[in-house]
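Visitor: I am new to this protein and would like to understand the words used for it. Could you show it to me before I ask?

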Amino acid sequence: MTSGHPSDAIENAVQANIVAAKYATEMCIRDRYATGSLQTGPSIGIGLTVSFRATTSPCCTTKYITHVGTAAQLQVVSSSSTTALKKSANWIVHVGLGNSACLSFESVDSPGSFIRHSANKLLVNANDGSTLFSQDATFCSHEALDSTGTNALRSWSYPARYWRHYGGILYIASNGGPNAFDTKTTFNNDVSFIVTSGF
């Protein structure tokens, strides 16, 4: 009972039950966050347009969360980048679609589309108005887990999983788990981002 990892199906079923029972606010995630507020650390203002810069050194400190089609990924973005690339790195902050105590992030260059998770990947999809979409597109902001970032983003519906870049792709990942992107190596760096004003 104390070794190995549950299957994705078991983990998904447990998390779905937690959300359905509205226990998410009471969970203590990885012994880091006590019961109470769903968000800690620097505030990300509702209505602002922001960008998320990675902090993992040396690979990624000039890379931002962008999207190509529906795939969320890291790309090098600067003031001299194309307008299209800069727009793809910009996100409008909204009250959480699935929980108003957290946040959702709308794509600037694809209005009506939000960052959401599906099969543990971060995608940029059009809001279909469903409860599942609202839950998948809701994230709670916390203080960064490394010393250089400002924020880490945790899934509201899967509260043991954080936004993480791995191989240039964005996932929701746990610190040690059954998937390659759950590796403990550089976890704290890979889930920590510097939130800046949008380009």
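Guide: What follows is a short exchange about terms and the values behind them.

Guide: This is a predicted model, in which local features need pLDDT of at least 70 and side-chain atom pairs count only at pLDDT 80 or more, while totals for chains, interfaces and linings use all residues. Residues are numbered from 1 along each chain as its sequence is written, and side-chain values use heavy atoms, with hydrogens and water left out.

Visitor: Why is L103 called buried?

Guide: Buried means under 20% relative accessible area, exposed over 50% and partly exposed in between, with a 1.4 Å probe and protein chains only. L103 has 3% relative accessibility, and therefore counts as buried. L103 is found in strand β5, a strand being a DSSP run of E with at least two residues, numbered from the N terminus.

Visitor: Which residues is L103 in contact with, beyond its neighbours within four places in sequence?

Guide: Contact means heavy atoms within 4.5 Å, and the partners of L103 include I44, V93, A137 and F139.

Visitor: What makes a group of residues a nonpolar core?

Guide: Such a core is a set of buried Ala, Val, Leu, Ile, Met, Phe, Trp, Tyr and Cys residues joined through side-chain atoms within 4.5 Å. The largest one here has 22 residues, and F52, F105 and W163 have the most contacts inside it. Strand β1 (49–54) is one of those that each supply at least two residues of this core, and β1 gives the most, with 3 residues.

Methods: Helices (H or I, at least four residues) and strands (E, at least two) are DSSP runs, numbered from the N terminus.
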